[in-house]
Amino acid sequence: MPIVLIMFLAICCAPVPWSEPIWGDRHWLSALATTALLGGVLARFIWVTAKTLRMMRLPGHRSEMLYRYSRTRSRSLMALMVAFGVALNFGGWGWAVQSLMTPGPYQPMRFGAEFIIIVPFVAALISSWLAFYPVEREFSRTPNLASYLVFQCRQQLVLALLPITVVICEQSMRRVYPRSAAQAWFHVLSMAGVLSVMIFAPWLLRVVLGWRPLPPGPLRELLMLSARRLKLRFSDLMLWPTHGAVANAMVAGVLPRPRYVLMTDKLISELTADELEGVLGHEIGHVRHRHLILYVLFIGLSLAVLTGVANFADRMIAPDAWLRTTIDDLGEWGTLLPLIVAAGYLLFAFGFVSRRCEREADLFGCRAVSCVRVDCDGHSNQSLIPVVTTQTPPCPTGIRTFVSALERVAVSNGISRDKPGWLSSWQHGTIAKRVAFLEKAMDDRRVEPRFRRQMRWFKLGVVGALAGLAGLLCWSGDLPLTF
């Protein structure tokens, strides 16, 4: 979810010359239109909350209303995005902020003006949490209102605003100090800043999200022994406090230091020790298969290729060509469309890559709780859990243990195993498809080694193709090394 939110906010903050609305230079009307559009969506959320509370107290309606509520709740962010996008363009909000934050006709916008642009959306997002709070308080272990808002801000807003702040500061520097931004040292510092954020982000996120070391005890000892057996180099095993709201796990950090393996409080409370060990193996699988490095290379090379392709197209289209004239007539859409296309490519292409990597990590999670017997029908005290490599075949018991963990995570988070919605499955795939793949690997021992070979060539092909295209664009001059 934060990836979608980050892309949306980045498009909203793009250097686009927003056009004046149909009612002219009356800024108060633009503010009123923005308030009305976002307020209409929030009114819908309040109505859904009130109806849910009323109907769920009637016998026989609880499960149905919970399903309807969860569907509206999962789509709330998309609804707010659509409403704010309309307000930003057709409602005149983007033009109003740009005109008010520009001192003179030949002067650039003030430093950080993009923060003002996204204020209504951020306010509407926080208001949506307030609208849904009565249901969250009534039917889950949600704490008091202040703790609930702090948790939502930490999990969603802060994670998105951190990279957006970097983007806004970089754009403001280019706009306010164009001569300095054209120097080579500026590009070097920008790249160094991005790399520093990537490397040291786990330390920052530990403070922002409130991560703390998993308390000493049998579970920590078991998971730490498993991590050493799986040959993971990391800083610590962390507890992710969510007040029982989310059952999830993740690994944070490209380098061994700092790198944290995280599990939420709800995940730890609702899964067995064996299932938690399988989940830990899944997260370690991302590291052992170098998925984090693959993601960084894929996104970086994709952005480079998209930039080069845009420059190539701009060079090839003649100044008086029909296509260039049409693009110029589109106004701000001539700038927005390439950004939207790039965001759509990254979402769908990255989702395709990520879903395959998730299956590879699922298999490693199965290996983490497998024994040496390929015909295993249940672990005993004498079963030997080997040192796991990326080629160790999982046993049937290990696969069944990890499948059970996947099913429990779906139930704990209240998501459908078959149709959880695109925002919930675009990056990981549905639980049903992941389980079906693992069961197929359990029934047919040829599936796992064949998939392993396919993934090896898939990763080499993706990175090689993007690197080759980027090199070709550099050779043609359409992708400067200082892009």
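User: What is the relative accessible area of Phe352?
Analyst: This is a predicted model, in which local features need pLDDT of at least 70 and side-chain atom pairs count only at pLDDT 80 or more, whereas totals for chains, interfaces and linings use all residues. Residues are numbered from 1 along each chain as its sequence is written, and side-chain values use heavy atoms, with hydrogens and water left out. A residue is buried under 20% relative accessible area, exposed over 50% and partly exposed in between (1.4 Å probe, protein chains only). Phe352 therefore counts as partly exposed, because its relative accessible area is 41%.

User: What is the C-alpha to C-alpha distance between Val353 and Phe298?
Analyst: Val353 lies in helix H14 and is buried, with a relative accessibility of 3%. Phe298 belongs to one aromatic cluster together with Tyr295, Tyr345, Phe350 and Trp426. Although Val353 and Phe298 are 55 residues apart in sequence, their C-alpha atoms are separated in space by 8.9 Å.

User: Which residue forms a salt bridge with Arg434?
Analyst: A salt bridge requires a side-chain nitrogen of Lys or Arg within 4 Å of a carboxyl oxygen of Asp or Glu, and the count by this rule comes to 13. Arg434, which is buried at 8% relative accessibility, has a partner whose closest O atom is 3.9 Å from its N atom. The partner lies in helix H14 and Arg434 in helix H17 (residues 431-443), 76 residues apart.

User: What is the N to O distance in the salt bridge of Glu360 and Lys459?
Analyst: Both Glu360 and Lys459 are buried. The N to O distance in their salt bridge is 3.3 Å.

User: In which helix do Glu448 and Arg452 lie?
Analyst: The side chains of Glu448 and Arg452 form a salt bridge at 3.1 Å, N to O, and both residues are buried. Because they are four residues apart, about one helical turn separates them within helix H18.

User: Which helix gives the largest share of the positive patch?
Analyst: Patches are made of residues with over 30% relative accessible area (Shrake-Rupley, 1.4 Å probe, only the protein chains shown as cover) and no salt bridge, like charges being joined within 9 Å and nonpolar side chains (Val, Leu, Ile, Met, Phe, Trp, Tyr) within 5 Å. Lys and Arg count as positive and Asp and Glu as negative, without His or the chain ends, and a charge is placed at NZ of Lys, CZ of Arg, CG of Asp or CD of Glu. Lys440, Arg450, Arg453 and Arg456 gather in this surface patch, where Arg450 is partly exposed at 34% relative accessible area. Three residues of the patch, the largest share, come from helix H18.

How values were computed: Helices (H or I, at least four residues) and strands (E, at least two) are DSSP runs, numbered from the N terminus. Rings of Phe, Tyr and Trp (its six-membered ring) pair if their centres lie within 6.5 Å; planes under 30 degrees apart count as stacked, over 60 as edge-to-face and the rest as tilted.
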